[in-house]
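Subject: A structure to look through

Dear colleague,

I am handing over a structure that I would like you to read through with the notes below beside it. Please take your time and check each point on the display as you go.

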Amino acid sequence: MMAGCNRRDFLRIMGLAGTTALVGCSSESGRTLIPYIVPTDDIIPGQATWYATTCRECPAGCGILAKNRDGHVIKVEGNPLHPVNAGKLCSRGQASLHGLYNPDRFSGPHKMTASGEPVPISWDEGMAILTQGLDGILDRGKKDRIVVVSDLVSGTLKDFIAYWLGEMRSREHILYEPFAYEPLRRANAMVFGTEGIPSYRLDRADFLLSFGAGFLETWLSNVEYARQFAAFRTPHDQGKNRFLYVGPRMSLTAANADFWVQAAPGDEFLVAAGMLMVLTGEGLLPNISAEQKKSVASLVRGLTLEAVAAGTGVSEETLRRMALEFARAEHPLALAEGLSFSSPRATETAAAAGLLCALHPGSRETIDFQGLSELGQVDSTARMQELSQKMQDGKVEAVLLFQANPAYSLPPSWNFHKSLQKVPLVVSFSPAMDETTRSAHLILPAHSPLESWGDYSPRKGVTGIMQPVMGPVFDSRHPGDILLAAGRQLKGPERFPAESFYHILRNAWQLKGQELAPGVPPETFWQEAVKRGGVWDEVKGSKGESSGNPVRPSKFSFPLVELGNRNKKEFHFTGFPTVQYYDGRGANRPWLQEIPDPISQITWGGWVEMHPDTARSLDLAKGDLVVIRSPYGSIEAPVFPLPTVPPDTLAVPIGQGHSHYGRFATAEYGNPMGLLPSGIDPMCNGLLRPEFKVTVEKLGRRVPIAHVDGSLFQHDREMARSLTLEAYREGKASGAKPHLYLPLPEGYDPAQDFYPPHDHVDYRWGMVIDLDRCIGCGACVAACYAENNVAVVGRDQILKGREMSWLRIQRYFGPDADGIRFFPMPCMHCDNAPCESVCPVYAPHHSKEGLNNQVYNRCIGTRFCAQNCPYKVRRFNWFTFTRPEPLNWQLNPDVTVRQKGVMEKCSFCVQRIIEAKFHAKDQGRKVQDGEFTTACAQTCPADAIVFGNLMDPESRVSRLIQDHRAYQALEHLNTKPAVFYLKKLTQEPLKA
Amino acid sequence: MPAGTDERHCMEAALHFRPSLGSGQTFRGNMAETREKKWNLALRYSGVGVVLLLAATMLYFYFLYPQRELGPEQPILFSHRLHAGVKEINCKFCHPFAERSRNPGIPELQKCFFCHEHIITKHPQILKERQHYDTKTPVPWVRIFYVPDHVKFNHKPHIQYAKLDCTNCHGEVKTMDRLQKVDFQMHFCITCHQERKAQLDCWLACHH
């Protein structure tokens, strides 16, 4: 038959011709280059500029350096000069960028309609509403009718608010923090005569006892205390300092203790009281005065050692040993959490812990009352109750809210938002919607702290400066400028002569300069302070000597403790703060939601921790929704069986269960505040936390829990290893060497190795992770997300096991569900990498410097490499994960943003390696050890991660792997990982 | 007759009850075949014609189109030939960061008026530029040189360490009024990297 040209052939030819024509005329780029009109002094295109400022994610006030690249801030790191955090930062600090770039921030001023919908208005309209409202109040002439509720602010802004309120005939500035530590302050007043919070010096202590104080999570200043804790725990000639934790739940802090003394909420006091009885009764401490004995007697009145042991379940023997350890130590330190809502008898516990320190002369060096924390300035929650009452009575005509969200963080039984509805004018300066702003009439969005000028003192002698590290992202204004403009409008420029809040700040610092550095010109003083990030003791030349405690004999009159019977169907309850959410303000930061909780490994959600045995006996499985009822309220939460609580205790994290906090705070379950009564504890003026029990009822629904751990246990795989201190010392004395498979040419063994050794030129990068230092806080993971454009995938994808983290911290329980080990797992950059040999397109390949490269543009997504990786560190992009505008402004331009179908993994921060090599080349030398480091190692508060060159025998990594604690994960597979671990050192928790 | 024909007939008959056609009954069938052939032929010729036409068009646009020496048109008619060639202004006057940063930088509008405050101030293009400057509206220059997003190109090592001349990659800018695009395919980079023994590692060089 003749070859006819049918329709199909015709189309085929036409298609071909069309393609050829298209290929012939390549299209223009469609890209544009936008020049500056006038250049800025400090921006070089393509190069980062670092600005020093202060982190305001919590009251700790760490110094940060913000990396600005082409006008956008892309990363924050700790300021190495700052005395609080010395270059380190926690995950909340790293995620401050998600506060800045949060897509749920208000685009500009809004007016709330009657139906509760925010409607955009102009700044002129907004300011007009504000000034008219205030003008009306001033006309009516009543005092104290305007109230400012803010988070903890200090320095110039606080002074200015006081001045402004003075002009408005009011004195009502409430510094509201949900974590106000009233019991701790009250107890310090009783024991030490100072109603405040001192600086604790964990690094000076040699024995540490924590009564519920989670100083590695949120307590007072977690980065500072994590740094000090690492110093405290470093093994020395006499051994390793001991740390005991007393509390109801295995928290992150408890997981780092030698021994967790399980005590029900409120029983911490009994344990402390038991120790005090042993100390005074058995004369373990000499030189206890008769007055001190009287003080102890008044505190432990009505208690006996037997009753304490029976009531708490902590044996007399244990109490005696704890007391003995405390007495024997040279500088013991006892800390109490001092949060009124988390445990009953918080004031008593704090007083008992204070008294323990007061009795031991060596403790005085560990508590520094000179460096009083600014947290002591926070108003007690009683002040909020007064406000609530005044609002109910119609005595408040205007409330201005700054970064305060009491409608979420106060117990719902307070009905704070209902009281707020009685106020005729509620103005919120909140940058984004929250539960309190929902009740506002007017929203005038304030700058985020990273866009603002200001100053903040975390403690006496340290003042950090805040400077805008980039231009405003949204149409917001500085809160000081909003008040200033309103003040000018109402009172005229004579009363408010300053042009802007910046000028007020400069004036204040001129005075400060005259006081602190009299000889220095004001401009120089200011410039130096801004460059450094603030001023601290060094300016005055004083070194912040620790004070002796002004101990005073006290007579305590706490109510008697009733040691009641325990009902098996009822549970103790504890709500605990977590390192990621603080008081709940972190819940709208996607990184903090995505990075798993260190202990439970849960992402994106609230949960209730229940002992697995209890869950089994109640026929509850993972994810079963239960209602938890207290006498004062009820909450719902899905059950997560975990051996972190005793069988008779339930624990719910604080910070989830938001109703109006943006698109990322999706976890609707479990705000533990829902179980608390509405009263105030007269003892400390904090939230009332009576001793109560809760009941649990199954609801019949199941909520999937997105947790990322595969198992609670190691299943004998010995990933996270440990060594007893004795064995370590013996090995060291006998000159034991670790058995390592070096990822270097000398590690080549023809009997074992199939492939020839890799040659390296100058550098072979490697990492050492000290498991004895790692506290498992997850700061490194957050830093990695920020540095490497790691995608946030959300709850649904995590449920399918598709999280993208390049670095994860694996959590393993001990064989009997006791003790927790943390095991950070980045890519091992193996010398014999199993991923490299299976890729059909050579997308993973071995670089000259030992890195295991993943070439994204070469990858075709077979996923063979991930299958063959024994460490499971490779992550596959199932989708092109996007970031809603303006979250994408945070992306690091030095790192490719990966797309669908591509494999990715830890790169050892190759962009930093390249940068460091350029820097070295500019100076005509090789890269020096410690000159740069990876993002994870940079931020680690405990300095657990060390990065460096294995080819250099003098580098820190090369020296550290000489230690016989060194090992490699799954080394029997002969992958020759370039990540080395140092075994954790364990010791007997209590000496006999 | 081959074996099995009968069988097929039987099958067809059984299945379709269709009477088999004799040879005298194929007239209408032949007519249809001839028409189809003609149609096929016409299609083929027209197809080939269209292909030739398209190819000719393509060749014309590729090689003969009068503006092929020119790059894309810019919002303001700026001539590199005039500035860099005739007036011999150094590249780094306008692109000052090439030696020390990833990006060489493009001149801010203010820089144009360092000279044009005094030179041909009434030229229509300068007036247009002036309008941008006065209204603080940036000029959206069309980007000519770029690499894909998965290539992390850095000017600094090329200019500072390798001492390359700008023309090595960007062509004879001094002779071009409108800059012509250079197609930076990977072989463009790798050939030079191989010759000069520069970094050949994927990650440490470009693709991180």
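Let me begin where the two chains meet: β1(A) and strand β1 (residues 141–142) of chain B pair in the antiparallel sense over two bridges, where strands (E, at least two residues) and helices (H or I, at least four) are DSSP runs numbered from the N terminus, and two strands pair if DSSP finds at least two bridges between them. Within this pairing, Thr32(A) has Val142(B) in β1(B) as its bridge partner.

Before going further, please note that this is a predicted model, in which local features need pLDDT of at least 70 and side-chain atom pairs count only at pLDDT 80 or more, while totals for chains, interfaces and linings use all residues. Residues are numbered from 1 along each chain as its sequence is written, and chains are lettered from A and ligands numbered from 1 in the order in which they are written.

Taking the chains together, 44 residues of chain A are in contact with 46 residues of chain B, contact meaning that C-beta atoms, placed from the backbone, lie within 7 Å. On the side of chain A that touches chain B, α1 (7–24), β1 (32–33) and α27 (910–922) each supply at least two residues, and the largest share, seven residues, comes from α1(A). By class, that side has 24 nonpolar, 14 polar and six charged residues, if Ala, Val, Leu, Ile, Met, Phe, Trp, Tyr, Cys and Pro count as nonpolar, Asp, Glu, Lys and Arg as charged, and the others, Gly among them, as polar.

Which residues have the most contacts inside the largest nonpolar core? They are Met275(A), Leu276(A) and Leu356(A), in a core of 294 residues; such a core is a set of buried Ala, Val, Leu, Ile, Met, Phe, Trp, Tyr and Cys residues joined through C-beta atoms within 7 Å. A residue is buried if 20 or more other C-beta atoms, placed from the backbone, lie within 10 Å of its own, exposed if 12 or fewer, and partly exposed in between. Leaving aside residues up to four places away in sequence, Met275(A) touches Leu319(A), Met322(A), Ala323(A), Phe326(A) and Leu356(A).

Strand β13 (residues 332–336) of chain A is largely enclosed by the rest of the structure, because five of its five residues are buried. Pro332(A), Ala334(A) and Ala336(A) point one way from β13(A), whereas Leu333(A) and Leu335(A) point the other way. In a regular strand the side chains alternate between the two faces of the sheet. Strand β10 (residues 207–211) of chain A pairs with β13(A) in the parallel sense over five bridges, and Phe211(A) has Ala336(A) as its bridge partner there.

In helix α18(A), the buried residues are Phe501(A), Ile504(A), Leu505(A), Trp509(A), Lys512(A) and Gly513(A), and they pack against α5 (155–167), β18 (454–459), α17 (479–491) and α19 (522–532) of chain A.

Finally, some backbone details deserve a look. Tyr181(A), in the loop between β8 (172–175) and α6 (182–192) of chain A, has a positive phi of about 55° although it is not a glycine, and it counts as buried because it has 29 C-beta neighbours inside 10 Å. Ile120(B) also is not a glycine and has a positive phi, of about 30°, but Ile120(B) is exposed, with 11 other C-beta atoms within 10 Å.

With best wishes

Notes. Two residues are in contact if their C-beta atoms, placed from the backbone, lie within 7 Å.
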